[in-house]
Amino acid sequence: MSAIGTLILALARLLPEEERERIGLYLGESVNNPDIVPAVPDVQAGGKPDWDYVWSALLDAAAHAHRITELLETERAYFDFTDLTRLAVDLRTQINEAYGLMCEAGNLNGLVPHAGDNLDQLRTASGLRRAEIVDAELAPMRPDPSPDASIWTVDFDQHGGFVAATTPQNDDVAPWKFWGMASTPASAAHTLEWCFLNAPPTVVFDPPVRTQPCARTGPDADRSQEGPSVPELLARRGSVYQQHLTAVRVAREALRNRAGDLEAYLAERATELNASDPQLLGNHKALDTIGSAENNDHSGVADTVMWVPTQLVVGTDHRVWGDFGGFRDEVPLEIATGLLSTDDLDAFTDELFSHPIALKRSPGWAGPVYRVGSNGNHRIHAARILGFPWLAAKVEVDATAPSWSMLGLISDDPGDDKELRRPLQRRIQERAGLVAGLLRREVIDGELTDANDPTLRCRRLPAAWLLRGAQHATAVNSVYESRYPGALARLGIPIAAGTEPATWSRWLTTS
C-alpha cells in the first residue's frame, strides 16, 4: 500500500464508525460508478421543501440500490445473495415510487406539504389537491338540467369505479345503466352529462359522496361485472326489439326472392348504399373526444349497452360498404345465408349480437353519432346492407376535458405526413385563430389565453370535433348535418361555411 493510502486509513480510524461507513460507501460507489454525484442539500428558507435536493437524493438512492444488486450478482461475489438482492430490488422499486410521488407533489399548484410528512400522508394530501383541481376545472361546464330531465343515481367508490342507474322510461331506446371510471365524483357526473350532451340529466349520488383523494383508476376500479350485458338488453324485448324483428323478417323475404344469387344481391345492395349514403369521414377518429395534455386526471369513461340506430354509425374501419379488403369478406354472406335458412328470428338475433358490437359514442348538440370501436365492422356493414334499423351494442363514451392548449389540440388530430411537415408554430397559430373564431361567433363559450401556445378553457362545448382542424371539423359537420338536418343552423353556422374547409377557416378568422 502507498504512503498516501496508509495515511488515509490512519485518519479514517479517527472518525466515528457511522461516518467511516458512509464515506466507505461513497468511495466504493465513486470507484465503481464515477458518474454518481451524491445529492448535497442546500439551505432552504421559509420552511418549504428543497425539491431539487429531494429529487436528486431519491435518484441517488435508487442508483445505490441498483448498485447493490450489481455488486452481489457478479460471479466474484461467490456466494448466493439472492435474499439480499431481492430486498435491494424491492427497495429500488419503493424509492422509484417515492420519486414519482415527489415529482407530482413538487409540481402541484396549491399543495402545501408539511415537514415530517411520511409518504402516505403526502400521497393523501397530493390526491386531495388533485381532486380539488379537477372539480374546480369542471365546475364551469356543469349544465343546468331541465325540470323534466332524467335522474341518474351514481354509486362512486374510492378506487374511481362507478355504476350509474336510472328508472327505465317508456322509451326503451335509452340506456338504463352505466359502469365506468373517473378520478372524482364530479368527474363521474361530468361523464354522464357529456354522454347526454343534448339532454343533460340530473345526477345524484347514493351513497352520498365525501371528500376523497383523486382516484388512480386501475383494475380495482373495474365494475363492469355490475353493468348490463347485451343478452340482458335483448331479453327486455320492447318496441325497438319488435321493430328489429320486423326489419329482419322483411330482409329474409328479400333474400328468399334472390336465393339463387345471394352474392350478387348483396353486392347490388352495397353499391346502392355506397351511392346513397357513403362513409364520408377520411378518418373516423376525428369523432373521438379530445384528451387534455394539461391535466391527465380528466379521464372519465362510461360503458353501457343499448339499441343504436344503425344510420347513426357513421364510421367503420372499412370506408366502402361491403368491401373489407380481403379480410373476412365472406361474413356478410354468412349472415345473409343464416337468415335465409332460419325460421327462428329470436335465435338469429341472439347469434347476430351474441359477441357484442363495440361502438364509441360521440355526443353532439342535436344528438349523438357513433363509430366502430374494437369489434363489429362486418356486422355493421351487413346490417346496413340488409336494411336493419337497429344494432344491439356495447357503447363507450369518453368524457371531454375542460381545457386544451393549442399544441394539445393539434397533436390529438388524426394526422397525415403532409400536415406533420408544416411548421409547428404556424399550425398552433392557425388553430388558435379557428378557436378564437368559434368564441367570437359564440359557437362555443370559454376563454382563450394569449400566449405562444394559447390555452382554451371551455364553459360550453356543443361537440368535441368543432375544435379540430378545418378538414376534420367540416367533414364531421357534413356527416352530422346529414343525420340531424338543421343542426348547423342551430349553432348559427351557415351550411357552406360548416362543410367546406377553406370556407370554414375564412368564416372563423374574419369578422
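At what angle do the axes of helix α16 and helix α19 cross? The answer is roughly 105°, with the axes of α16 (residues 470–483) and α19 (residues 501–509) coming within 8 Å. Here an axis is a line fitted to C-alpha atoms, for helices over the stretch in contact, and angles run from 0 to 180 degrees between N-to-C directions. The two helices are therefore roughly perpendicular to each other (65 to 115 degrees counts as such).

A quick word on what you're looking at: this is a predicted model, where local features need pLDDT of at least 70, side-chain atom pairs count only at pLDDT 80 or more, and totals for chains, interfaces and linings use all residues. Residues are numbered from 1 along each chain as its sequence is written, and side-chain values use heavy atoms, leaving out hydrogens and water. Helices (H or I, at least four residues) and strands (E, at least two) are DSSP runs, numbered from the N terminus.

Back to that crossing. On the α16 side, Ala-470, Gln-471, Ala-473, Thr-474 and Asn-477 meet Pro-501, Trp-504 and Ser-505 of α19, where contact means heavy atoms within 4.5 Å. Sorted by class, that makes four nonpolar, four polar and no charged residues. For the classes, Ala, Val, Leu, Ile, Met, Phe, Trp, Tyr, Cys and Pro count as nonpolar, Asp, Glu, Lys and Arg as charged, and the others, Gly among them, as polar.

Buried means under 20% relative accessible area, exposed over 50%, and partly exposed in between (1.4 Å probe, protein chains only).

Arg-237, in the loop between α7 and α8, has a positive phi near 55° without being a glycine, and is partly exposed at 34%. Tyr-78, in the loop between α3 (51–72) and α4 (82–106), also has a positive phi, near 75°, and counts as exposed at 70% relative accessibility. Finally, the peptide bond from Asp-206 to Pro-207 is cis, with omega near 5°, and Pro-207 sits in the loop between β4 (202–205) and α7 (230–235).

Note on methods: Parallel < 35°, antiparallel > 145°, perpendicular 65-115°, else oblique.
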